[in-house]
Amino acid sequence: MPAKRTIPKSKSKRVFGQSRKRAKMLRAGLYARVSTLDQQTLPMQMRALRECAAKRGWTVVEECKEVGSGAVVWAMRQQLLDSARRREIDVVLVSRLDRWGRSVPDLVSTLQELTALGVGFVSLTEALDLNTPTGRAIAGLLAVFAAFERDILAERVRAGLDHARSQGKRLGRPPTVMGKARSVRHLFLLSLIHI
């Protein structure tokens, strides 16, 4: 019977290109938002975010819950961004992109800021993870759509201004007091004559 052939063990501790060492423990900031107080999804969002952080082995250092529509300032989101600027968190975790951004340009600008700060961003529903090459590619596509949205908005504004001009409407600031100074002086002199 032939001798059993043994396969030599690799000296490398890497498996499929990954290190066997435990990844750095990331500090996560969780953010959940609903538009109106009568919506009951805040607890569901927070539960899903906590579960995701636990599965990835992240430490949750900040949880921000907010009620507000896109028209108001989101104080808790700002608080989370401030924590990122102070390097208190390593990753922001949200349930959906529309929970984080008011519009595509707003979303892109905050994602670019987080990227510049070296803070990751993960959205559960869209499976967007800026810590991965695919996530960064998707963020680049979002930037393209944001530029497109700005261009469309600018075209609509120009078309609206052109239409208003064609209707004979006066555009711009209302006339100031300095523009009426001559007529005010004239009326004042007339009032002195009649006294």
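User: How many residues does helix α1 have, and what distance does helix α1 reach from its first C-alpha to its last?
Analyst: This is a predicted model, in which local features need pLDDT of at least 70 and side-chain atom pairs count only at pLDDT 80 or more, while totals for chains, interfaces and linings use all residues. Residues are numbered from 1 along each chain as its sequence is written, and side-chain values use heavy atoms, with hydrogens and water left out. Helices (H or I, at least four residues) and strands (E, at least two) are DSSP runs numbered from the N terminus, and the expected span of a helix is 1.5 Å times one less than its number of residues. Helix α1, residues 42-56, is close to the 21 Å expected at 1.5 Å a residue, having 15 residues and a reach of 21 Å.

User: Which residues of α1 are buried?
Analyst: Buried means under 20% relative accessible area, exposed over 50%, and partly exposed in between (1.4 Å probe, protein chains only). On the other side of α1, P43, A54 and K55 are exposed. The buried residues of α1 are L42, Q45, M46, L49, C52 and A53.

User: Against which elements do the buried residues of α1 pack?
Analyst: Contact means heavy atoms within 4.5 Å. The buried residues of α1 pack against β3 (27-34), β4 (59-67), β5 (91-94) and α3 (97-100).

User: Which residue forms a salt bridge with R27?
Analyst: A salt bridge is a side-chain nitrogen of Lys or Arg within 4 Å of a carboxyl oxygen of Asp or Glu, and the structure holds ten of them. In one, the closest N and O atoms are 2.9 Å apart, and the partner of R27 is D90. R27 lies in strand β3 and its partner in the loop between α2 (75-85) and β5, so the pair ties together parts 63 residues apart in sequence.

User: Which residue meets R56 in a salt bridge?
Analyst: R56 in helix α1 is linked to a residue of strand β7 (residues 128-129), 73 residues apart. The N to O distance is 3.0 Å, and the partner is D129.
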